[in-house]
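Please read the following points with the sequence and the structure open beside you. They are set out as a colleague's note, in numbered order.

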Amino acid sequence: MSAVDVYLADLRAAIPGPSWTRRDLLREAGDHLEDATDAYTAAGYTIAEAEAMALRDFGSVDDIAPGFRDTVAIGAARRTALMLVLVMIPQAFLWDGGIDLGSSAHLAAPDAGLFNVLDRIIEYVGTIGAVGAVIALVATAIGQRWLPMGRRAARLTAAWAFTVAVVIPVIGLTMLALTGSLTAMVALAAIAFMAIPFALVVLSAQRTLAAC
């Protein structure tokens, strides 16, 4: 392996997180080092000398890795925020629209008081969760142009998405259980439109935290 290959391997090891968030950064770093090496070689230096000077100009792994980690973490957080936004969109339809899981069996619930409390909570959590997801998406997408966005913001985004993606399905499934009229079709709808999508958000949030 060349000195550049060793450097890129060390840099890859110093940047945690999903591989897709690191791939472009490492490719750009490799292209930059290759161009710099070619320039020094064209100037008359040996390949070994050219690589050494290119690496010196680029900076050590210890100096470069923190900035790369911030970029990777924000990229993962942006993906998580986008997933949460997309998952939240059909929830109103799921509970108040065509499927109407929430209000179709209020009277059938064995404990109407508890059911109504959960119904109100899920409305608040859903609204706040959706607003927070949009804010996180905007902040991680274009907000970094004006604000310092790093791993702390990525962790906050991941924690928010994780919390919302756990609370809503737990409350929703509890509400369905309280109705006493849970049919196979309703159960499949809840799994398809709520449990599985939110599980994917949880997985994305965990990957974001791993990148931090």
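1. A polar atom of the R22 side chain lies 2.9 Å from the backbone oxygen of I15. The structure shown here is a predicted model, and this distance is computed from it.

2. The side chain of R22 also has a polar atom 3.2 Å from another backbone oxygen, that of R12. R22 itself is found in helix α2.

3. Where is the nearest side chain of opposite charge to R22? That side chain belongs to D24, and it is 11 Å away. R22 has no salt bridge, although the residue is buried. A salt bridge would require a side-chain nitrogen of Lys or Arg within 4 Å of a carboxyl oxygen of Asp or Glu.

4. Helix α2 covers residues 19-42, and D38 lies in this helix.

5. Read from the N terminus on, the order of elements is α-α-α-α-α-α-α-α. The protein has 212 residues, of which 41% count as buried.

Key:
Residues numbered from 1 in each chain as written. Predicted model: local features only at pLDDT ≥ 70, side-chain atom pairs only at ≥ 80, totals over all residues. Heavy atoms only, no water. Helix = DSSP H or I, 4+ residues; strand = E, 2+ residues; numbered from the N terminus. Buried < 20%, exposed > 50% of the residue type's maximum accessible area, 1.4 Å probe, protein only. Lys, Arg positive; Asp, Glu negative; His and termini not counted. Polar contact = N/O pair within 3.5 Å; in protein donor to acceptor, adjacent residues only side chain to side chain.
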